[in-house]
Amino acid sequence: HARMSEQQLADYQNLLSELIKKQIVILGPDIAVLKARNVSGLKVADDGTVTAMSGNPQDLLNQLVEQYVQLSGLIVKKAMEPLLSKYPSITLPHTS
């Protein structure tokens with residue numbers, strides 16, 4: 001984590017938590033949390049809060065988004081846009 005500041009790590013953790021919580025609203029808590037727990041490196045509480053991350057946070061974000069995109073595609077991307085605007089240092093991969 002040498003290259004990433006504490007603040008950036010906190011931003012990722014907050015963004016991941018918010019993303020999961022948004023998906024809980026859309027998909028329901030069971031599926032949303034289950035999908036998040038498919039991402040190795042993420043520890044997720046039952047309410048969707050990310051309690052720990054290991055590995056590259058950008059990779060974790062990419063994997064998490066992939067999990068949800070497989071389920072509901074564009075809905076997820078639309079839901080992400082306002083979240084991402086709050087964290088200008090974080091970018092999403094461009095998936096087709």
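Student: Hi! How much of the protein is buried?
Tutor: Hello! Of the 96 residues in the protein, 41% are buried. Keep in mind that this is a predicted model.

Student: Let's go to the fold. How many helices and strands are there?
Tutor: The protein has four helices and two strands. Going along the sequence, the pattern reads α-α-β-β-α-α.

Student: What share of the contacts between residues at least 6 apart in sequence join residues at least 24 apart?
Tutor: That share is 64%.

Student: Good. At what angle do helix 1 and helix 2 cross?
Tutor: Roughly 140 degrees, and the axes of helix 1 (residues 6-27) and helix 2 come within 7 Å. The angle makes helix 1 oblique to helix 2.

Student: Is that crossing of helix 1 and helix 2 left-handed or right-handed?
Tutor: Helix 1 crosses helix 2 in a right-handed way.

Student: Which residues make the contact?
Tutor: Helix 1 brings I20, Q23, I24 and L27, while helix 2 brings P29, I31, A32, V33 and A36. By class, the contact of helix 1 with helix 2 has eight nonpolar residues, one polar and no charged.

Student: And how do helix 2 and helix 3 pack?
Tutor: Helix 2 (residues 29-37) packs with helix 3 (residues 57-72) at an angle of about 135 degrees, and their axes are 9 Å apart. Because of that angle, helix 2 counts as oblique to helix 3. The crossing of helix 2 and helix 3 is right-handed.

Student: Which residues in helix 2 and helix 3 meet?
Tutor: On the helix 2 side you'll find I31, A32, K35 and A36, and they meet L64, Q67, Y68 and L71 of helix 3. Sorted by class, the contact of helix 2 with helix 3 has six nonpolar residues, one polar and one charged.

Student: New topic: where is A79 found?
Tutor: A79 sits in helix 4, which covers residues 74-85.

Student: Is A79 buried or exposed?
Tutor: A79 is buried: its relative accessible area is 12%, and the cut-off for buried is under 20%.

Student: Which residues does A79 contact, leaving aside its neighbours within four places in sequence?
Tutor: A79 is in contact with K22, Q23 and I26.

Student: How many residues apart along the chain are A79 and K22?
Tutor: They are 57 residues apart along the chain, yet their C-alpha atoms are separated by 7.5 Å.

Key
Residues numbered from 1 in each chain as written. Predicted model: local features only at pLDDT ≥ 70, side-chain atom pairs only at ≥ 80, totals over all residues. Heavy atoms only, no water. Buried < 20%, exposed > 50% of the residue type's maximum accessible area, 1.4 Å probe, protein only. Contact = heavy atoms within 4.5 Å. Axes fitted to C-alpha atoms, helices over the stretch in contact; angles between N-to-C directions. Parallel < 35°, antiparallel > 145°, perpendicular 65-115°, else oblique. Left-handed = near helix turned anticlockwise from the far one by under 90°. Nonpolar A, V, L, I, M, F, W, Y, C, P; charged D, E, K, R; others polar.
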